[in-house]
Amino acid sequence: MSNHKITGVFSAAATPLNADGSPDLGLFTEHCQRLLQEGCHGVALLGTTGEANSFSSSERRGILEAALKAGVPAHKLLPGTGVVAIPETVELTKHALSLGVTKIVMLPPFYYKGVSDDGLFAAYSQVLEKIADARLQVILYHIPQVSGVPLSIPLIGRLIEAFPDTVVGIKESAGDFNNMQAIIAAYPGFSVLAGADPLLLPLLKAGGAGCITATSNLVADSLRTVYDKVHDEAQAGEVEVAQARINAYRTLSNSYVQIPTIKAMVSLKTGNAAWRRTRAPLMPISDADYAALSEAYAKLP
């Protein structure tokens with residue numbers, strides 16, 4: 001994995017809220033520090049699990065600034081900066097760069113559906129040309145089941161060819177392992193990061209670079225075990241146990257609406273009920289579901 005520019009276990013961090021619905025910056029920065037202590041190489045804040053598209057640009061800037069002010073190193077932060085409007089994506093990315101944050105995760109413009117590869121290439125190119133900063137490293141974000149905008153393998157290749165030092169990886173959240181393998185085969189050295197926890201182990205064995213996942217909010221230590229020991233045959237048993245634990249947490253989080261459930265599970269992990277809050281249109285899981293979740297959570301390894 002040494003030829004990849006971005007490797008490791010990164011948390012798709014959830015974002016806690018105050019009672020008035022604003023981001024709870026103190027609780028968020030505590031969470032970031034805990035994730036790093038538990039084994040994450042970095043924190044991919046302001047993604048899908050972080051409810052990023054429910055926050056304004058100023059709120060997003062404030063969340064990133066708070067993490068840095070609390071002492072989270074800039075090189076360990078991977079904020080999501082891709083939004084619908086190209087000027088806003090440029091603004092958010094430049095803001096990150098101005099703070100010394102050079103690695104970002106970038107969704108394509110996602111409102112219009114059925115757009116061509118030429119259109120997506122033009123959008124990404126305009127963003128990167130307007131930023132024109134050699135420090136920037138972009139992880140493309142492929143989550144077509146949510147965005148409605150797939151990133152094809154030929155499009156990825158065009159972007160790598162046009163911006164070889166900038167477009168360095170992809171968060172592959174479609175859950176299609178065959179597609180991950182095809183990207184790895186087509187573009188050696190390009191960092192393919194799993195967005196689904198159960199795929200971390202097979203992806204690493206296939207030459208992938210790591211993961212950016214929701215369940216790392218809960219079991220970062222097990223994900224780090226898999227990452228660190230996957231190629232050590234003497235540790236194969238420990239790796240399998242760690243992956244099984246990861247899968248158990250992921251399965252439970254998928255038993256209800258995932259993002260509110262992840263937050264509810266963080267609430268159970270930390271003992272802080274504030275974690276149950278979500279921003280509309282997402283809603284917290286019901287009290288009945290929370291009670292059932294609590295019972296199931298207590299039985300997890």
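Predicted model: local features only at pLDDT ≥ 70, side-chain atom pairs only at ≥ 80, totals over all residues.
Reader: How are two packed helices described in general?

Author: Two packed helices are described by the angle between their axes together with the distance between those axes. In this structure, α4 and helix α6, the latter made of residues 153-162, pack with their axes 10 Å apart and at an angle of about 30°. Because angles under 35 degrees count as roughly parallel, α4 is roughly parallel to α6.

Reader: Is the crossing of α4 past α6 left-handed or right-handed, and which residues make the contact?

Author: The crossing in which α4 passes α6 is right-handed. On the side of α4 the contact is made by Asp117, Asp118, Leu120, Phe121 and Tyr124, and on the side of α6 by Pro154, Leu155, Arg158, Leu159 and Ala162.

Reader: How many salt bridges does a search of the whole structure find, and which residue forms one with Lys5?

Author: The search finds 13 salt bridges. One of them is formed by Lys5 and Asp165, whose closest N and O atoms are 3.5 Å apart. This pair links distant parts of the chain, 160 residues apart, with Lys5 in the segment before β1 and Asp165 in the loop between α6 and β5. Lys5 is partly exposed at 42% relative accessibility, whereas Asp165 is exposed, with a relative accessible area of 52%.

Reader: Which parts of the structure does the salt bridge of Glu59 with Arg279 tie together?

Author: The closest N and O atoms of Glu59 and Arg279 are 2.9 Å apart. Glu59 lies in helix α2 and Arg279 in the loop between α11 and α12, so the pair ties together parts that are 220 residues apart in sequence. Arg279 itself is buried, at a relative accessible area of 18%. A further salt bridge joins Glu91 and Arg61, with the closest N and O atoms 2.6 Å apart. Because Glu91 lies in helix α3 and Arg61 in helix α2, that pair ties together parts 30 residues apart in sequence. Glu91 is partly exposed, with a relative accessible area of 38%, and Arg61 counts as partly exposed at 23% relative accessibility.

Reader: Turning to the backbone, where is Glu51 found, and what is the value of its phi?

Author: Glu51 is found in the loop between β2 and α2, and its phi is near 60°, a positive value in a residue other than glycine. Ala132 also has a positive phi, near 50°, and its place is in the loop between α4 and β4.

Reader: Is the peptide bond from Ala280 to Pro281 cis or trans?

Author: That peptide bond, from Ala280 to Pro281, is cis, with omega near 15°. Pro281 is found in the loop between α11 and α12.

Key: Residues numbered from 1 in each chain as written. Heavy atoms only, no water. Helix = DSSP H or I, 4+ residues; strand = E, 2+ residues; numbered from the N terminus. Axes fitted to C-alpha atoms, helices over the stretch in contact; angles between N-to-C directions. Parallel < 35°, antiparallel > 145°, perpendicular 65-115°, else oblique. Left-handed = near helix turned anticlockwise from the far one by under 90°. Contact = heavy atoms within 4.5 Å. Salt bridge = Lys/Arg side-chain N within 4 Å of Asp/Glu carboxyl O. Buried < 20%, exposed > 50% of the residue type's maximum accessible area, 1.4 Å probe, protein only.
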